[in-house]
Amino acid sequence: MRSIASRMSVMSGEGALAVFARARELEAQGRSIIHLELGEPDFHTGQSVIDSAAKALADGKDRYCAVQGVLALRQEIAAYLAHTRSIQVSPDNIVIAPGCKIALFQSMMALLEPGDEVLYPEPGFPGYPSITLGLGAVPVPFALSPRNQLQPDPDEVASKITPRTRMLLTNSPGNPTGTVYTDSVQRALAELAVKHDLWVLSDEIYARILYGGEYLSMLRYPGMKERTLIIDGFSKSFAMTGWRLGYSVAPPEVIPALNLMAVNTYTCVAEFTQYAAIDALRDREGNTARMVTEFSRRRDQFSQDLNRVPGFRCLPPQGAFYAWVDIAGTGMSAEELCRILLEDAGVAAIPGAAFGHEGKNFIRFSFASSMSTLHEAVERIQKVSAVWQGTAVR
Ligand code: PLP
């Protein structure tokens, strides 16, 4: 009998994409929708990066190329990580992938056996449990709870470690909460990883979108170099979501496995995009700093405005570009609230449970939209808030 492999039934989609599809249907009916559901910068790729891609194509960089990635790009990434994150890595330990998600998948496929347990933050990026399950491994969430300022609790993580635990996944700044793990939390997590001999997968995709302070990569902690894989890329920091460019930084013994995964799937990443990515990292036009300054203004204003909505409570995030709003005070479920926001107010947001059970009393708004759009979104939300003011708890 023809059938779909059972591993597919344990994987899941992404809440943002489901909301986006419904928002698109409403737009097709002529409705005006403000899209605050997707995790995509509203900025576009810098002009010099676009020019570099065009030049690379004109120069004939349209062939198959090195499986691990173009050496010049890997050298530039090593220099960039030293400069922006104070970590020393060799270009030999970097593998270029078509997007962070593939880098994540490739790394997990290389390191996990069926039945292995993977500790991951919840609420968190939906790909973490989904990929884990798809590989026959077991996702074990640790909470980012408001009781703990949305920080991981190392004692809770320690209590969930078993002889089957193989990997600890971290994501700072995190999607959807915007949490930047504190130095002491990261140090404690690193100690646990050493003590229990775990792999650490540090998803650093939002490392540059930080509202103050120095970025502390997991790789900087004692004992981490030999067990940590960094996942990063160009989607968020350089507004290049559609280019599909990411990379893993891994200990030397993992590199052949990552290369083997590349050979058996995407072969190599498009050569001309890799040359353009060198230009993005050099960022002569200061695009990343300009974008982050603008996100920071929006963060301040948007979180202030959201806190004026009856029943909403929102701490300004420390990184990334999401407002993570506690809606328990509305007396409504996040699903019902998001339905009202979309259908009645024309504002698309994501119910927090899309990021795991721990997010059930929250909704996520992306503030990667102009200040005037965010302002209009809050006005629309205020208008429909009468619906829940009758049931509001405060
Ligand atoms: N990791 C996190 C935490 C993300 O939020 C995302 C995208 O939203 C990804 C990975 C995937 O990034 P990419 O678009 O480069 O595949």
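## The ligand and its surroundings

In this predicted model, the ligand is surrounded by 13 residues, of which the closest are D203, Y206, S235, K236 and R244. K101 takes part through its backbone, where an N or O atom lies 2.9 Å from a ligand oxygen atom. On its own the ligand has 400 Å² of accessible area, and the protein covers 92% of that area.

## Strand β3 and its two faces

Strand β3, which spans residues 117–122, is mostly covered, with six of its six residues buried. In a regular strand the side chains alternate between the two faces of the sheet. In β3, E117, L119 and P121 point one way, whereas V118, Y120 and E122 point the other way, and all of these residues are buried.

## Partners of β3

Strand β3 runs parallel to strand β4 (residues 138–143), to which six bridges join it, and within this pairing Y120 stands opposite P141 of β4. Together with helix α6, which covers residues 127–134, the strands β3 and β4 make a β-α-β unit that is right-handed.

Strand β5 (residues 165–171) also runs parallel to β3, and three bridges join these two strands.

How values were computed
Residues numbered from 1 in each chain as written. Predicted model: local features only at pLDDT ≥ 70, side-chain atom pairs only at ≥ 80, totals over all residues. Heavy atoms only, no water. Buried < 20%, exposed > 50% of the residue type's maximum accessible area, 1.4 Å probe, protein only. Helix = DSSP H or I, 4+ residues; strand = E, 2+ residues; numbered from the N terminus. Pairing = 2+ DSSP bridges. Right-handed = clockwise from strand over helix to strand, strands pointing away. Near = heavy atom within 4 Å. Polar contact = N/O pair within 3.5 Å; in protein donor to acceptor, adjacent residues only side chain to side chain. Areas by Shrake-Rupley, 256 points an atom, 1.4 Å probe, with all protein chains shown as cover.
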